[in-house]
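Biologist: I have a structure to go through with you. Let us take it step by step.

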Amino acid sequence: MTRSHWSQRNDRLSQLTHLCLPQNESTRAEVEGLLAQEDYANLEEILLTRLTFGTAGLRGVMSAGYARMNDLVIIQTSQGLASYLSSACPDSAKRGVVIGFDGRHNSERFAHLATAAFVSLGIPEIGRASCRERV
């Protein structure tokens with residue numbers, strides 16, 4: 001690639017970064033730090049790809065960007081699943097969802113964010129399950 005091409009790509013990446021700065025202070029600071037350092041390779045890696053949903057669900061490094069586990073990715077994924085449930089199961093607003101979490105880092109926080117995403121799209125939380133609680 002020519003220098004001009006990289007320059008244009010980096011300018012676009014800078015614009016994209018400013019548009020998608022996360023609300024979470026920790027991940028926001030991480031993105032701002034990479035931008036200040038002009039670390040476009042890392043910005044490209046975390047912002048221009050998406051974390052994929054696999055057979056074990058969402059798994060990845062906890063960090064800023066669409067290719068990592070963070071608040072924004074959890075909210076967007078939950079919104080997508082809620083939207084799918086609404087179209088695939090017309091009575092999902094009556095049936096609701098159960099949100100689970102465990103002892104892993106940020107698991108309970110992510111459960112709260114997922115709940116908010118479902119509720120905002122009209123699907124109530126009818127239960128919350130933690131594997132930390134004794135049954």
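Biologist: What share of the 135 residues of the protein counts as buried?

Modeller: Keep in mind that this is a predicted model. A residue counts as buried when its relative accessible area is under 20%. Of the 135 residues, the share that passes is 35%.

Biologist: In what order do the elements run from the N terminus on?

Modeller: The protein has 6 helices and 4 strands. From the N terminus on, their order is α-α-α-β-β-α-α-β-α-β.

Biologist: Which element gives the most to the largest nonpolar core?

Modeller: The largest nonpolar core has 9 residues, among them Val-31, Leu-43 and Tyr-66. Two elements give two or more residues to this core: α2 (25–36) and α3 (40–47). With 4 residues, the top contributor is α3.

Biologist: How many residues does the second, separate core have?

Modeller: This core includes Ala-82, Ala-114, Phe-118 and Ile-123.

Biologist: Why does Ser-63 count as buried?

Modeller: Ser-63 sits in the loop between β2 (57–58) and α4 (71–88). The cut-off for buried is under 20% relative accessible area. Ser-63 counts as buried because its relative accessibility is 12%.

Biologist: Which residue's side chain makes a polar contact with the side chain of Ser-63?

Modeller: Leave out residues up to four places away in sequence, and Ser-63 touches Thr-27, Glu-30, Arg-68, Met-69 and Asn-70. The side-chain to side-chain polar contact is at 2.4 Å. The partner is Glu-30.

Note on methods. Residues are numbered from 1 along each chain as its sequence is written. This is a predicted model: local features need pLDDT of at least 70, side-chain atom pairs count only at pLDDT 80 or more; totals for chains, interfaces and linings use all residues. Side-chain values use heavy atoms; hydrogens and water are left out. Buried means under 20% relative accessible area, exposed over 50%, partly exposed in between (1.4 Å probe, protein chains only). A nonpolar core is a set of buried Ala, Val, Leu, Ile, Met, Phe, Trp, Tyr and Cys residues joined through side-chain atoms within 4.5 Å. A polar contact is a pair of N or O atoms within 3.5 Å; within protein, one must be able to donate a hydrogen and the other to accept it, and residues adjacent in sequence count only if both atoms are side-chain atoms. Contact means heavy atoms within 4.5 Å.
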